[in-house]
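Q: I'd like a close look at one part of this protein, namely the links between its side chains. Please walk me through them slowly.

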Amino acid sequence: MRKRVYKKYIGLCLAVITVNVSCTSSVLSQVEQDSIWTFSEVRMDADGDNDLDYYGREVTVTGIANTATGLLHEYYLQVFIQNDSAGMSIFAYQINTPFEVGDSLVVKGKIERYNGLTEVHANSYKVYKDVGREPEPKSLKDAAKNPASHLGMLIEGEGCIIEKGNTFNGKYLRIKPADAEESIMVYVSNFHRLYEDFNFSVLSVGDEIDIKGVVSESNPDFPEERIFKVFLRTPEDLQYAGLPQFYLYLVVGGAVLLGLIIAGWVIMLRRRVTTETTEIRTSLKEKEVLLREIHHRVKNSLSTVSGLIELQLHETDSEEAKGVLQNSKSRIQSVALIHDKLYKTESLARVELDVYLRDLVETIHETFTEYHEAVELTFDLDPIELDTDRAIPCGLLVNELVVNAYKHAFKRDKQGVLSIRLKVRRNKILLEVSDNGPGLPDTYYKRDGGSLGTLLVDSFTEKLEAKMDINKEGEGTTLSFTFPLKPRRF
């Protein structure tokens, strides 16, 4: 396609020179007697002395623009045109007619050299819009291997950055294509209109990039030094082929910073939690000490009341009054014993029920001195912990039953046996108080009109949410109470 377009350009120019059509542009009219020069002819140096054979000669060249006006230099015309096999630098001190990449140009000017770069210094040029298209880029790898043969041509390819830096009039990268021995410079002049938009700071040596640009050269000490460059036209001519190390460093740095922030926050939170936990533990310890002291004081107060009752017992001659006072003393001692257990245990909210009941029954046994030898105590107790709210009515219940047994079931002249059983069965507690006495009469336990003792037993049973059974079969009496191991929730 490009060959047909190029032939069309040549045919058009020759036709204009031959027939001198009046509607042809002024540029073509001025070159009627001239021929179109090839880029090879413009660069010709037949004797190899580094002096151009036609230096200073007025020539006419044509090609497709691979660079738009106003990019490589804001004020001057600094562009490149090319055909399928070669390219050429075009320069002028002013831009007469702007053009874009893909436009076809016919340029008339003088052959010159700028810092070793052969170019046509344009006197005039003609732009043909929408005739051609952007030239097909050549291989970056081929250009790096032989840049002189690609001068003025558009190239494209991927390479690895091996160097980056700045010069007095621009900034550059040196890249090496994959599997290539040679490298080539990628350059942006500080005269470039978009110079600040080329952000090389995010690139690092080792990054893979994909570039597209035009091959040129700068030879300050021509011919001893020849520096070939790929001029980038727009920032879009440089793309990342992978993740730049700069961004990798940002990600890693951000992750490290985030980690430090989280670690700092965790440390601060941990210190705060530790401080608050210490304060809570201190407060809790103080409350435990206070609560323990309260239990101790309650126990002492109840012991004082019990002592006062004991004194009253010695001052009373009435047997009925003594019985009432003795029962009251026993009940007070039962509650005092609970507070004594709470004061001495680690837990201030739960009581070892088995230990408590054993101590309670033995204390009551010591009270009835006349039965020390006549009554044998037996215990079958499972280890159970019970909350205070239920331990107190349970202790009072046992107190009533045991005191009642000593009063009505045992005789001094007959060996008696008092048994206490405490078992756990399917999340329920079984409490049994048994004696080998004569048993209860049929009319003994009545809910209506009973004695104070029976009313208290009934009240404590209800408090424990217990089911009571009385077994009077055979010798003696067994009272059983079944209640939940854990209190019900309402």
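To start with, how many disulfides does the structure hold?

A: It holds 0 disulfides, a disulfide being a pair of cysteine sulfur atoms within 2.5 Å. Keep in mind that this is a predicted model, where local features need pLDDT of at least 70 and side-chain atom pairs pLDDT 80 or more, while totals for chains, interfaces and linings use all residues. Residues are numbered from 1 along each chain as its sequence is written, and side-chain values use heavy atoms, leaving out hydrogens and water.

Now for the cysteines: cysteine 394 is buried at 0% relative accessibility, and cysteine 160 is partly exposed at 21%. (Buried is under 20% relative accessible area, exposed over 50%, partly exposed in between, with a 1.4 Å probe and protein chains only.)

What you do get is 12 salt bridges, each a side-chain nitrogen of Lys or Arg within 4 Å of a carboxyl oxygen of Asp or Glu. Take arginine 233 and glutamate 134, whose closest N and O atoms are 3.5 Å apart. They sit 99 residues apart in the chain, arginine 233 in the loop between strands S11 and S12, glutamate 134 in the loop between strands S5 and S6. (Strands are DSSP runs of E, at least two residues, numbered from the N terminus.) Arginine 233 is buried at 7%, whereas glutamate 134 is partly exposed at 33%.

Another bridge joins glutamate 217 to arginine 226 at 3.1 Å, N to O. Here glutamate 217 is buried at 6% and arginine 226 is partly exposed at 40%.

Finally, Asp380, Asp382, Arg421, Lys423 and Glu432 are linked in a salt-bridge network.

Note on methods:
Helix = DSSP H or I, 4+ residues; strand = E, 2+ residues; numbered from the N terminus.
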